[in-house]
Every structure is written in structure tokens, then in C-alpha cells.
Amino acid sequence: MRGIMRVGAAAVAGMLLAISGSAQEATAPPIALTLKRAIELALQNSKDIQVAKIQASVADKAALINKAQFMPNVYAGSGLGYTYGIPETPGGRAPAIFNVTYTEQVINEPLRGQGKEQQEQVKAQKVLLEDARNSVIVRTASAYLELVKVRHSAELLQKEQASAEKILGVVQQRANEGYELPVEVTRAQLTRAQVAQRLLQLQGRDDELEMFLRSQCGLAPEQQIEVTPEDLPGAAEQEGANLIASAVQNNTELRLAQSDVQAKGFRLTGEKRGYWPTLEVVSVYSLLGRFNNYDQYFNHFQRNNYNLGIQAQVPIFSPSTRANVALAQTNLLAAKASFANKQNQVSSDVRRKTRRVRETDAGKEVARLELQLVQQDLAQLQARFEEGKESLQVVEKARLDENEKWMALLDASFQRQQAQLDLLKTAGQLDKVLQ
């Protein structure tokens, strides 16, 4: 009976191993992503970019509506109906079995100004599309670089956890022998608990960042991602004048403000020309029916009727035109003021963010030197420990300090990368990240 049970247990164990093996085979292997590849995938799969493309297409189609009025427009219809008395329709045209109307605007400067304004708005939507693309680059690059930092920090914390365990073991042993106070045991336990807490926080952040990158890059929900430590491929120029000139030319917010000024200028020009005459080509063909009693009210009935001419209007007194000009002037002044403010703001932002990059460079160098100093101290303590002149507790505390300095260097490096990304976006040089 025992033999049968042992065979059954072995069979169950084999089945569990087989199931576990098949599950591991079913799990997709991790995908290794570089920073450049992650950004490329995000640009291909971003929903924000797709929405921006649709909005640009909507603006383009809307501009065609105004433009269509300056093109030939042909309409066919009918005014057929019962009449009693003089034949007429609510629109003022004679009732017709069939009619064809042709219209085309030739001179209508207010309408033409509105069309140019809409065309400039189409350009603005394309700038917004580029801004959505830049936002995707910044978000993806920031998440990727932070994930690299988080995973490296987690590796360091695992080593720190091992050192905290060793310190706690030494302190407990010395406390049992009467060489340490109970408060030292509590202090060592607190250190171990703090390391465990930080490790859990990093693991949670790792999961959030990986989930975000999967969503941005269009990967499967359970796809594991491997990242590699790397710095940004491109850096913004450090020459202040060159950087400001680049921002003036390429900054999306500034380009939007400039486009708004041009659009409002087109609108004002068109409204001012509203005092000019308007000219429209009009042609109408009507097929009339005798049953509408035309011959009873008119001297002559003609079945086929064709009219071709030009409809011109000359404004003599037009308060609406004056009001439209005043409104367009006010809108243009507001757009120019906004553009000037944006220029000052962008120039100030470039200078401030350039200083921020330099400050983070200095912070990274300080963190590097602090780590180097701690490593040198640890090497001396390790040598003294091997000679029996230093305790394990002191060495492990130095290792804890080394790990903390490592994590400080990782934080300083990440802050520098974030500052660079921010400066690249403001200066309109984000394409350098894809170099």
C-alpha cells in the first residue's frame, strides 16, 4: 500500500512538473528594449497621436468647406407644387418642375479672409500633432530611464538587505553575550525593516512603470520587459544664444502663438476689405409647367427658362462690417500680446532649464565623488577586517553606506536625464533622442 502511495505521489509530482513546465513554455519570453526602440514603438502605437491626427484631418476638411464657395457649385431641385393665384414659392422663385442653379463666389474678401484663417488653423493642428508626438517621446523616455534606475536601485537594496541581516545577527549575538544594549538590537531591526519597506516600494514602482511602457509600446498585457542602462543619445546645446534661437524656431507653443497671430491677421485683412464690393456668378435654369396657370397671369408662357448673370453688392452703410473689423483688430492685438509673452516665457524657460541641467551635472559629480570616497573607506575597512583589526558589524555598516551613495548617484543621474529631456522639449530638439 505504501509503495502504491509512493508511486502515486511520484506521478502527481511529475504531473505538477509537467504543468509547471508547460506554463513556463506558454509564458512569453521577456522582450529586450532599448530606449530608442521603446520610443519608436510608442510613436507607432500612441492613442494621443492618433487623436491628434484625426483632429488635424478634421481641421483640413473644415477649411475645404469655406474654399468650396469659390469653386463652381451646381444644385438641382424642384419647386413643383399646387398654386392658386400668382405662381410663387416661399423662396421667391417661380414654381418649376425641374431647376438647376450654378453659383460661384468671385470677389468676397471677408469670406476669403475667413478661409485663410482656417488654413492657418490647419497648420496649427499640425503643430499640435507634433506637440503630441513630443509628449509621447518625453513620457516614454522618462518612464524607461526611471525603470532602469528603479531596477538598479532594487538590486542595491537586495544587497543592503543582506548587509542589514548580517548586522542584526551580529548585534543579537553580542546582546546575548552582554556586549550590546537591547536598543542596538531594535535599531538594527529598524534598519532591516526600512530596507524591506523601500524594496517593496521599488517593486511596486517597477510594476507601474513596466505596465505603462507596455501600454505605450503596444505590448501584450503580461509581456515582461528588459531594459538596459543608457544615457540620452543627444544633449541640448549649451550655448545660450543658440539654444534660445532654436527654441524660437522650433518650440511648439511659440509656433502655435505665431500661427494664431497670422490667422488673426488674415481675418482682419478680410474684414477690412468688407467695404469692397462683392461679386458672385449666378445662373439658373427652370423647366416650368403650364398647370401652374402662368398663362393666366403673364402675357407669355415659356417652358424652358435660363438666366445667367453676376450678382454684385456694394456696401453703402454697413454697421456689421465696422463691428467685424473692430472685433478682428481686438483679436489680433490679443494674439500679438500672447505671442510676445510666450517669446519672453520661452526665452526665460530656456535659460532656467539650462541652469537646471548644469546644476544636475554638478549634483551628479558630487554624488559620484561621495560614492568614490565611501568605496575607498570601505576598501580600507575590508583590509583591516581581513587582518582582524575591524569587526564585521563596522564593515557591513560601511557597505550599507556604499549602497546608499550608489542610490544617490542613480537618483542624481536620473534627475540630470529629466532636466535634459525638459530642456530638449523646450528647445524643440527632441529628435536628438532618436539619433
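In the predicted model, Ser46 is classed as buried because its relative accessibility is 4%, a value that lies under the 20% cut-off for burial. Ser46 is placed in the loop between α2 (35–45) and α3 (47–67). Although Ser46 and Cys217 are 171 residues apart in sequence, their C-alpha atoms are 7.6 Å apart in space.

At the start of α3, a side-chain oxygen of Ser46 comes to within 3.3 Å of the backbone nitrogen of Asp48, and a polar atom of the Ser46 side chain lies 3.3 Å from the backbone nitrogen of Ile49.

Helix α3 itself comprises 21 residues and spans 31 Å from its first C-alpha to its last, which is close to the 30 Å expected at 1.5 Å a residue. The buried residues of this helix are Ile49, Ala52, Ala56, Ala59, Ala63 and Asn66. Viewed down the axis of α3, these buried residues fall within an arc of 95°, and they therefore line one face of the helix. An α-helix has 3.6 residues a turn, so residues three or four places apart point the same way. The cover over the buried residues of α3 includes α2 and α4 (109–176), whereas the face of α3 turned away from its buried side carries the exposed residues Lys47, Lys53, Ile54, Val58 and Ile65.

Thr426 belongs to helix α10 (residues 392–426) and is buried, its relative accessible area being 8%. When neighbours within four places in sequence are left aside, the residues in contact with Thr426 are Ala247, Asn251, Asp349, Val350 and Lys353.

Asn293, by contrast in setting, is found in the loop between β5 (278–287) and α8 (294–297). The backbone of Asn293 adopts a positive phi of about 65°, although this residue is not a glycine. With a relative accessibility of 24%, Asn293 counts as partly exposed, because that class covers values between the 20% limit for buried residues and the 50% limit for exposed ones.

Technical notes
Residues are numbered from 1 along each chain as its sequence is written. This is a predicted model: local features need pLDDT of at least 70, side-chain atom pairs count only at pLDDT 80 or more; totals for chains, interfaces and linings use all residues. Side-chain values use heavy atoms; hydrogens and water are left out. Helices (H or I, at least four residues) and strands (E, at least two) are DSSP runs, numbered from the N terminus. Buried means under 20% relative accessible area, exposed over 50%, partly exposed in between (1.4 Å probe, protein chains only). A polar contact is a pair of N or O atoms within 3.5 Å; within protein, one must be able to donate a hydrogen and the other to accept it, and residues adjacent in sequence count only if both atoms are side-chain atoms. The expected span of a helix is 1.5 Å times one less than its number of residues. The arc is that of the directions from the helix axis to the C-beta atoms. Contact means heavy atoms within 4.5 Å.
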